[in-house]
Each structure stands twice: as C-alpha cells, then as structure tokens.
Amino acid sequence: LGAGLTGVETALHLTQLGKKVTIIEMLGPETVAKEALFLNRNYLLTQLAELKIPVFTNTKIEAITDTGVHAIGKDFRGKDFPADSVVLAAGMKARKDKVDELRRLIPETEVAVIGDCYKPRNIFYATQEGFNSVIEI
C-alpha cells in the first residue's frame with residue numbers, strides 16, 4: 001500500500017524474490033515514485049512495466065482483512081485485492097518530538113538533526129546532511 005519511492009522499491013524487490021505484487025495508491029499516477037531523482041524514477045517506472053506489476057492509483061484503502069485488502073476506486077466501486085501479506089508504505093513523518101525528548105537528556109550537547117528525523121526524504125539528503133554535520137564538528 002503506497003506507491004512512493006519506498007513502496008515501489010519494495011514491490012520491485014518482492015517481485016524479484018518471486019512474490020506476486022500489486023501496488024495500491026490513493027493519489028494519482030503522477031505520484032508513483034515521485035520522490036525519486038529523474039533518471040532513477042524513469043528506471044523504476046520502466047521496471048514496473050517490464051515486470052508487469054499492477055499499479056492501482058486513485059484507489060483508497062477501506063480495510064485490511066484476513067483475506068486481503070478492500071479498496072474504493074475513483075469510480076467509487078469497491079474492489080477486493082486478495083493477499084497473504086500486506087506491506088504498508090503509506091508515508092512517513094519526522095518525529096521531532098522524539099528528537100526534543102532525547103536532546104533534553106544531555107543538556108549543553110549540540111545535536112544535529114539530519115535525514116528522516118529532520119524531514120522524510122531519500123538517502124541522498126540524509127547522506128549529504130550527515131556529511132555536512134560532520135564537517136561542522
């Protein structure tokens with residue numbers, strides 16, 4: 001569930017392991033792997049097509065059941081997706097409250113907030129922010 005970068009990469013990996021995968025995304029098709037850099041996104045979309053991984057966009061999850069997922073499509077019709085397992089890749093948010101909590105444990109210690117702790121994005125930003133933080137020490 002979720003066609004962001006994490007959802008698409010996970011779907012491709014599971015397919016390569018021999019699993020049958022379907023991607024369900026509540027937003028439109030333009031959001032599929034939207035966070036990926038241009039060339040990487042083109043590659044991911046090509047892989048989805050070549051591996052024939054179905055991607056259902058504009059489809060909202062109503063329930064995860066014992067037999068799979070029940071969703072509503074843009075036509076407002078219900079659709080059941082049978083599944084043995086469901087992977088949730090439906091977004092991330094920074095846990096700045098946890099950073100503040102940890103920061104208070106050791107007063108007078110400078111804390112660099114980087115990567116997903118600062119704002120959920122891809123590894124490029126986390127690596128760049130980590131490098132920049134080390135340079136400043």
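Which residues have the most contacts inside the largest nonpolar core?

A: Keep in mind that this is a predicted model. The largest nonpolar core is made of 13 residues, and the ones with the most contacts inside it are Val8, Leu12, Ile23, Val32, Leu44, Leu48 and Ile53. Two helices each bring at least two residues to this core: helix 1 (5-16) and helix 2 (38-50). Helix 1 gives the most, with four residues.

If you skip residues up to four places away in sequence, valine 32 touches Ala3, Val8, Arg41, Leu45, Leu48, Val55 and Thr57. There's also a second, separate core of five residues, and Leu1, Ile24, Val69 and Phe81 are among them.

For another kind of buried spot, look at helix 5, where the buried residues are Glu129, Gly130 and Ser133. These three cover an arc of only 105° around the axis, so they sit on the same side of helix 5. Part of what covers the buried residues of helix 5 is helix 4 (115-118).

Glutamate 129 counts as buried because its relative accessible area is 16%, below the 20% cut-off. The side chain of glutamate 129 also makes a polar contact of 2.6 Å with the side chain of arginine 121.

Definitions and conventions:
Residues are numbered from 1 along each chain as its sequence is written. This is a predicted model: local features need pLDDT of at least 70, side-chain atom pairs count only at pLDDT 80 or more; totals for chains, interfaces and linings use all residues. Side-chain values use heavy atoms; hydrogens and water are left out. Buried means under 20% relative accessible area, exposed over 50%, partly exposed in between (1.4 Å probe, protein chains only). A polar contact is a pair of N or O atoms within 3.5 Å; within protein, one must be able to donate a hydrogen and the other to accept it, and residues adjacent in sequence count only if both atoms are side-chain atoms. The arc is that of the directions from the helix axis to the C-beta atoms. Contact means heavy atoms within 4.5 Å. A nonpolar core is a set of buried Ala, Val, Leu, Ile, Met, Phe, Trp, Tyr and Cys residues joined through side-chain atoms within 4.5 Å.
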